[in-house]
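Trainee: I would like a close look at a single part of this model, taken slowly and with the terms spelled out as we go.

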Amino acid sequence: MFIFRRAAELQAFLQRRRTHGRSLGFVPTMGALHSGHLSLIEQSQKENELTVASIFVNPTQFNEAEDLNTYPRTPGRDCELLAQVGCGLVFLPTVEEVYPPDLEQDLSFDFDGLDERLEGAHRPGHFNGVAQVVTRLLELVQPDRLYLGQKDAQQVAILRKTVEQLGGGIEIVAVPTVRDSDGLALSSRNARLSEQARKDAPNIYQALLRTSAGLLDGGQVDTLLASAIADINAFTTLNVEYLELVDAKQMKPIEEFHDAQQAILVAAVWAEDVRLIDNLPVG
């Protein structure tokens, strides 16, 4: 395995190997890897001759300093997991490498209102930080394809907008959410759940499944959403922050569901002091 801490060294390495049109896939992560991250690596390996994974806890996308400070950092274990799935190129930069003091970068992005709803409304500035770091990493790695997890559906939509504004040329591949055997979407935050919260948390996904089935059966959107929220809140460790039916591209609320729509159920739920997000495409 090759581990690079400096972008110049990674770029020189890739330049020597990207001959004859060899394609490069890129998987940006903040570490604390799980099977969901590894599924992105495996998808990239199927579609590219070279795959680079980055591990970088980006300070600009955290709203709370405490959340940044407590974010799990396990680079040794992460590299072992990447090696197990055959990912031989890892970019492990410092903050100074990604954001050098002399960096001149326009931090203003136009998300066409995407950043004002759902996650954006509850975490102001978060998506600007995400777009900032991904833009910077794309500049450094220069991949052909960018692999993202569908669990962060709004983030995928935001980064599609970002890449469009950068002039395109990079294909975004959204990989389906990986779940535990009981349906809970895999997340680095799951390790922080108490025993009871971990037992209750899969009911978020079960509520989304029931709501999706109800929509496809002709049920009313507002009635089904209210029922799903009540079902989740019935568990003592769970408290819904939002649960909505939106269109997958603009993340705008859908009041009347039709089968032809690209609709997705999105949810953010507090499991005691751990905030979980999940989503489910409908149909």
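Trainee: Which residues in α10 are buried?

Mentor: A word on the basis comes first: this is a predicted model, in which local features need pLDDT of at least 70 and side-chain atom pairs count only at pLDDT 80 or more, while totals for chains, interfaces and linings use all residues. Residues are numbered from 1 along each chain as its sequence is written, and side-chain values use heavy atoms, with hydrogens and water left out.

In α10, the buried residues are Ile204, Tyr205, Ala207, Leu208, Thr211, Ser212, Gly214 and Leu215, where buried means under 20% relative accessible area, exposed means over 50%, and partly exposed lies in between, with a 1.4 Å probe and protein chains only. The helix that carries them covers residues 203–216; helices here are DSSP runs of H or I with at least four residues, strands are runs of E with at least two, and both are numbered from the N terminus. α10 has 14 residues and reaches 20 Å from its first C-alpha to its last, close to the 20 Å expected at 1.5 Å a residue, the expected span being 1.5 Å times one less than the number of residues.

The buried residues of α10 pack against α9 (195–200), α11, β7 (238–247), β8 (263–271) and β9 (274–281), with contact taken as heavy atoms within 4.5 Å. α10 passes α11 in a right-handed crossing, meaning that the near helix is turned clockwise from the far one by less than a right angle.

On the α10 side, Asn203, Ile204, Ala207, Arg210, Thr211, Gly214 and Leu215 take part, and they meet Val221, Leu224, Leu225, Ala228, Asp231 and Ile232 in α11. By class, this contact of α10 with α11 has eight nonpolar, three polar and two charged residues, where Ala, Val, Leu, Ile, Met, Phe, Trp, Tyr, Cys and Pro count as nonpolar, Asp, Glu, Lys and Arg as charged, and the others, Gly among them, as polar. Just after α10, finally, glycine 218 takes a positive phi of about 95°.

Conventions:
Axes fitted to C-alpha atoms, helices over the stretch in contact; angles between N-to-C directions.
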